[in-house]
Amino acid sequence: MSQAALACSSVTEKFEKEFSTSRKLHEQASELFPHGVTHDLRYLTPFPIYVDRAEGAYKWDVDGHQLIDFWAGHGALLLGHSHPEVVSAVQKQMAKATHPGACHELEVEWGQWVQRLIPSAERMRFVSSGTEATLMALRLCRIATGKPKVLKFAGHFHGWHDFVLPACDLPYRGAQTPGIPRHFEPVIVRPNDPDAVEQALANDPEIGCVIIEPTGGHFGQVPVRGPFLTALREITEKHRRLLIFDEVITGFRVHPNGAQGHYGIKPDLTTMAKILAGGLPGGCVAGRADILDFLTFRPGQPKMKHPGTFNANPLSAAAGTTTLRLVSTGEPCRRANELGQRMRRQLNEWFARRNLNWVAYGEFSGVKLLPNYDGPRPDDDTFIPYDGDPDRLEPEKNVPFIHAFRQALLLNGVDMPGLAGMTMSAHSEEDIDRAVDAIGSAIEMLK
Ligand SMILES: Cc1ncc(COP(=O)(O)O)c(C=O)c1O
């Protein structure tokens, strides 16, 4: 066995001992769910941890470990777990009605917050998830333009439905995505290449819209910056195609007005979820009134049919309204972004001090880690490793190593989804400092 494999197996041995109640639950779960999990990202060998409760920046697992959390509810939490005002709003609504089967006052208030905060939101429709939001946005674009195809960027994730799932991971090799017929596939272009977008739109009159994660795929694994977004807006306008900003993760996180507010660029449609619904399920498509009008009943006009049992459900509306009110001050985004920067800076100092071949990078509240790094050390927070080369920033995943790293992190009191995480306004400076030490020690355990 190699030194590296030996180090990993000793970490796994410790992990199995420390998290034994999770192992028992996982044995039961494996009789129910494929791999025993209910979300691909939660898959962890030899077993994932089971969380009992969470508050602020922490979660406690079923074996009683307190963990500093950088999952942030898959990005749905900015204020931290169980923020008292959110909890109280949901409890109050719970006692009034969980599903009135009717329009209700909170959906109006929720929509007003979205309209106030998101610059391009002339009209909107609530759905139940980010996946539903992008599904709706694409269909609206097809109706509005009469064109069937979408252009998306390699490495960008827009949910798991058939029209956007292909090429969501890099390096993209063009293989067929299991279960998705080739004719559903989007037109795929590498990110940060305006000429390639221009060429694709000029050559293919069937492309009706372009969808993008406005800070880069997987919340900036391969960063996208303002100049590319500006070019994209100009190119789509020139070729009369629609532009969708998928702000499911950036919305209310990078800035109270989303990435579009931060960069001052107005897309035609915006998809949202996660923080929008304050940690409960919920999503939204917002944008130009003339496009959202295809949801209205108008004689002689095409109408997009849109039922959905839990659209604008009042519990999500209660959590969402309270969260957006708190986010609107700008303080939670400012704080989470500042802590993200602190974490990236301190990690890079740690790596330099110990001469580790790792680098941390990212923007806003996103923290990305890149092992086996052989480029120059960052000199400031705008730094992008390997000049943003997608193939080097998102190499083939070494799953056994990533799982061993996650186990080592958990043993050191930190829960993070692999080589990336997110800060929340609930983290303290001390949490960040402790997490940096924990990440550094986890890397050393695996050396
Ligand atoms: C940018 C982006 N779009 C869409 C989705 C899908 O959202 P959901 O998981 O709510 O379906 C995600 C989820 O991570 C996302 O990050």
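This is a predicted model: local features need pLDDT of at least 70, side-chain atom pairs count only at pLDDT 80 or more; totals for chains, interfaces and linings use all residues.
Residues are numbered from 1 along each chain as its sequence is written.

Let me begin with the whole. The protein has 15 helices and 15 strands, where helices (H or I, at least four residues) and strands (E, at least two) are DSSP runs numbered from the N terminus. The radius of gyration is 22 Å, close to the 22 Å that the globule rule gives for 447 residues, so the protein is as compact as a globular protein of that length; the radius is taken over C-alpha atoms, and the rule is 2.2 Å times the number of residues to the power 0.38. Along its principal axes, the C-alpha trace spans about 70 × 55 × 45 Å.

Of the 447 residues, 48% count as buried, which is to say that 20 or more other C-beta atoms lie within 10 Å of the residue's own, with 12 or fewer making it exposed, anything in between partly exposed, and the C-beta atoms placed from the backbone. If we take contacts between residues at least 6 apart in sequence, 72% of them join residues at least 24 apart, a contact being two C-beta atoms, placed from the backbone, within 7 Å.

Now to the ligand. Which residues come nearest to the ligand? Of the 13 residues around it, these are Ser 129, Gly 130, Thr 131, Gly 159 and Val 248, where a residue counts as near if its C-beta atom, placed from the backbone, lies within 6 Å. Helix α5, residues 130-145, gives the most to this shell, with 3 residues. By class the shell has 4 nonpolar, 7 polar and 2 charged residues; here Ala, Val, Leu, Ile, Met, Phe, Trp, Tyr, Cys and Pro count as nonpolar, Asp, Glu, Lys and Arg as charged, and the others, Gly among them, as polar.

Next comes a helix pair. Helix α4 (residues 105-117) and helix α11 (residues 314-327) pack at an angle of about 35 degrees, with their axes 9 Å apart; the axes are lines fitted to C-alpha atoms, for helices over the stretch in contact, and angles run from 0 to 180 degrees between N-to-C directions. Among the residues that meet are Trp 110 and Trp 113 in α4, and Ala 317 and Leu 324 in α11. The residues of this contact divide into 8 nonpolar, 2 polar and 3 charged.

Let us turn to single residues. Leu 201, found in helix α6 (residues 194-203), counts as buried because it has 20 C-beta neighbours inside 10 Å. Leaving aside neighbours within four places in sequence, Leu 201 is in contact with Ile 207, Ile 235, His 239 and Arg 241. Leu 201 and His 239 are 38 residues apart in sequence, yet 6.9 Å apart in space, C-alpha to C-alpha.

Finally, the backbone. Most residues other than glycine have a negative phi, and most peptide bonds are trans. The bond from Thr 45 to Pro 46, however, is cis, with omega near 0 degrees, and Pro 46 is found in the loop between α2 (20-29) and β1 (51-55). Ala 167 has a positive phi of about 65 degrees although it is not a glycine, and Ala 167 is buried, with 24 other C-beta atoms within 10 Å. Asn 372, also not a glycine, has a positive phi of about 55 degrees, but Asn 372 counts as exposed, with 11 C-beta neighbours inside 10 Å.
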